[in-house]
Amino acid sequence: MKYTTVIFDLDGTLLNTLEDLMDAVNYALEQFGYPVRTLAEIRAFVGNGVRTLMERALPDGAANPAFEEILKAFREYYTIHCEDKTHAYDGVLELMQQLKDAGIKMAIVSNKLDSAVKELNQSYFNGYVDAAIGETENIRRKPAADMVEHALAILKGKKQDTVYIGDSDVDIQTAANAGIDCISVSWGFRDSDFLRKCGASVIADTPQQVYDLILS
């Protein structure tokens, strides 16, 4: 077995969360009279946490006088509606079962709100994932290595036996900063060409390919 520990990104890797994120962003924007954003725009904005998402979606970004109020509106709406349209990508739940059967330890690290990460983990991956870590005040968000380090401490995993699975440039940088291997996936929010330009060395097109790479 090549790896004994797997750390997953969440949005765009395990779950397609894009429509719920778009709805939360657009709810917050509409409350303050700003134009809504398209799904393609939200896809381009995600990856660096909710504050950065709203900075990118809102005219004038963080310099907007109402920014903190709009961000609060987003957080409140998304906390309630984070599961309305979200779903696991095809083959992901089968992958989790295969990895569990193989004795692999698993964690999720995400730049989304910690409460939403834990809720979604409970709904979709209960029994598979041993640690689910989201954005909090005490842990720097990705691409800093802090979330990965925290997950490894919980799992008692070793870096040389660990691989990170993600769909974005942020994930590639996170794995590099943590000093662990990375498998990029092409079914999420970024395509293969983009991932290669960002330095991806291994790309999987299906969850089954991820399993084969982990167990090879």
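**View 1. Val 109 and its bridge partner in the predicted model.** In this predicted model, Val 109 has Ile 133 of β5 as its bridge partner. The two strands concerned, β4 (residues 105–113) and β5, pair in the parallel sense over four bridges. Strand β4 is mostly covered, with eight of its nine residues buried.

**View 2. Strand β1 beside strand β4.** Strand β1 comprises residues 5–8 and pairs with β4 in the parallel sense, again through four bridges. Within this pairing, Val 6 stands opposite Met 106 of β4.

View 3. Six strands form an open sheet in the order β5-β4-β1-β6-β7-β8, and their pairing is parallel. The edge strands are β5 (131–135) and β8 (203–204), each of which pairs on one side only. Strands of a sheet pair through backbone hydrogen bonds, in either a parallel or an antiparallel arrangement.

View 4. Asp 114 is found in helix α6, which covers residues 114–124. Is Asp 114 buried or exposed? Its relative accessibility is 17%; because the cut-off for burial is under 20%, Asp 114 counts as buried. When neighbours within four places in sequence are set aside, Asp 114 is in contact with Ala 132, Ile 133, Gly 134, Glu 135 and Thr 136. Ile 133, one of these contacts, is also the bridge partner of Val 109. Asp 161 lies 47 residues from Asp 114 along the chain, and the C-alpha atoms of the two residues are separated by 26 Å.

**View 5. The whole protein, for orientation of the close-up views.** The protein contains ten helices and eight strands. Its radius of gyration is 17 Å, close to the 17 Å that the globule rule gives for 216 residues, so the protein is as compact as a globular protein of that length. The C-alpha trace spans about 55 × 35 × 30 Å along its principal axes. Of the 216 residues, 51% are buried. Among contacts between residues at least 6 apart in sequence, 64% join residues at least 24 apart.

Methods: Residues are numbered from 1 along each chain as its sequence is written. This is a predicted model: local features need pLDDT of at least 70, side-chain atom pairs count only at pLDDT 80 or more; totals for chains, interfaces and linings use all residues. Side-chain values use heavy atoms; hydrogens and water are left out. Two strands pair if DSSP finds at least two bridges between them. The radius of gyration is taken over C-alpha atoms; the globule rule is 2.2 Å times the number of residues to the power 0.38. Buried means under 20% relative accessible area, exposed over 50%, partly exposed in between (1.4 Å probe, protein chains only). Contact means heavy atoms within 4.5 Å.
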